[in-house]
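Hi everyone, thanks for making time.

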Amino acid sequence: LELFDELQRRGREPDIITYNALISACEKGTQWEKALEIFAELQQRGLEPNVITYNALISACEKGAQWEKAVELFEELQQRGLEP
């Protein structure tokens, strides 16, 4: 997450790959709330989440015992026409 902050300080605009890596890092660190914050930020920036984004986010919620949110995200993934 420090690397992400450094990229922004240097004026680099993060892309969906960067955000996916961040969410994945949160998932591995069992920081599901931070993963959701990052997800909200990428959407605010106008980026489109992809199947990798959703998979990492669902996994982060699962590891945080946030089953209802994980199911909600899975349904959102399907509504967007993405395949898990």
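Predicted model: local features only at pLDDT ≥ 70, side-chain atom pairs only at ≥ 80, totals over all residues.

Let's begin with the core. The largest nonpolar core has 18 residues, and within this core the residues with the most contacts are Ile 23, Phe 39 and Leu 73. Where do those residues come from? The elements that give two or more residues to this core are H2, which runs 16-28, H3, which runs 32-44, H4, and H5, which runs 67-79. The most comes from H4, with six residues. In general terms, nonpolar side chains tend to be buried together in soluble globular proteins.

Have a look at Leu 73, one of those with the most contacts inside the core. Not counting residues up to four places away in sequence, Leu 73 touches Leu 36, Phe 39, Tyr 54, Leu 57, Ile 58 and Cys 61.

Now helix H2. H2 has 13 residues, and from its first C-alpha to its last it reaches 18 Å, close to the 18 Å expected at 1.5 Å a residue. At its start, a side-chain oxygen of Asp 15 comes to within 3.2 Å of the backbone nitrogen of Ile 17. Which residues of H2 are buried? They are Ile 16, Thr 18, Tyr 19, Asn 20, Leu 22, Ile 23, Ser 24, Cys 26 and Glu 27.

After H2 comes Thr 30, and the phi of Thr 30 is positive, near 50°. That is a positive value in a residue other than glycine. Thr 30 sits in the loop between H2 and H3.

On to helix H3. The buried residues in H3 are Ala 35, Ile 38, Phe 39 and Leu 42. Why do they sit on the same side of H3? Because they cover an arc of only 105° around the axis. As for what lies over the buried residues of H3, the cover includes H2, H4 and H5. Just after H3, Gly 46 takes a positive phi of about 85°.

Next, a residue in helix H4, namely Thr 53. Is Thr 53 buried or exposed? Thr 53 counts as buried because its relative accessibility is 0%, and the cut-off for buried is under 20%. What does its side chain pair with? A polar contact of 2.4 Å joins the side chains of Thr 53 and Asn 20. Leaving aside neighbours within four places in sequence, Thr 53 is in contact with Ile 16, Asn 20, Ile 23, Phe 39 and Leu 42.

Cys 26 is in no disulfide, and the nearest cysteine sulfur, that of Cys 61, is 11 Å away. Cys 61 is likewise in no disulfide, with the sulfur of Cys 26 as its nearest at 11 Å. Cys 26 counts as buried, because its relative accessibility is 1%. Cys 61 counts as buried too, at 0%.

Between H4 and H5 there is a loop that holds Ala 65. Ala 65 has a positive phi of about 60° although it is not a glycine. With a relative accessible area of 51%, Ala 65 is exposed.

Last stop, Lys 69 in helix H5. Lys 69 counts as partly exposed, at 26% relative accessibility. Its side chain makes a polar contact of 2.9 Å with the side chain of Glu 72. Leaving aside neighbours within four places in sequence, Lys 69 is in contact with Leu 36 and Cys 61. Glu 6, by contrast, is 63 residues from Lys 69 in sequence and 30 Å away in space, C-alpha to C-alpha.

That's my tour, and I'm happy to go back to any part of it.

Terms used:
Residues numbered from 1 in each chain as written. Heavy atoms only, no water. Helix = DSSP H or I, 4+ residues; strand = E, 2+ residues; numbered from the N terminus. Buried < 20%, exposed > 50% of the residue type's maximum accessible area, 1.4 Å probe, protein only. Polar contact = N/O pair within 3.5 Å; in protein donor to acceptor, adjacent residues only side chain to side chain. Contact = heavy atoms within 4.5 Å. Disulfide = S-S within 2.5 Å. Core = buried A, V, L, I, M, F, W, Y, C linked by side-chain atoms within 4.5 Å. Expected span 1.5 Å × (residues − 1). Arc of directions from axis to C-beta.
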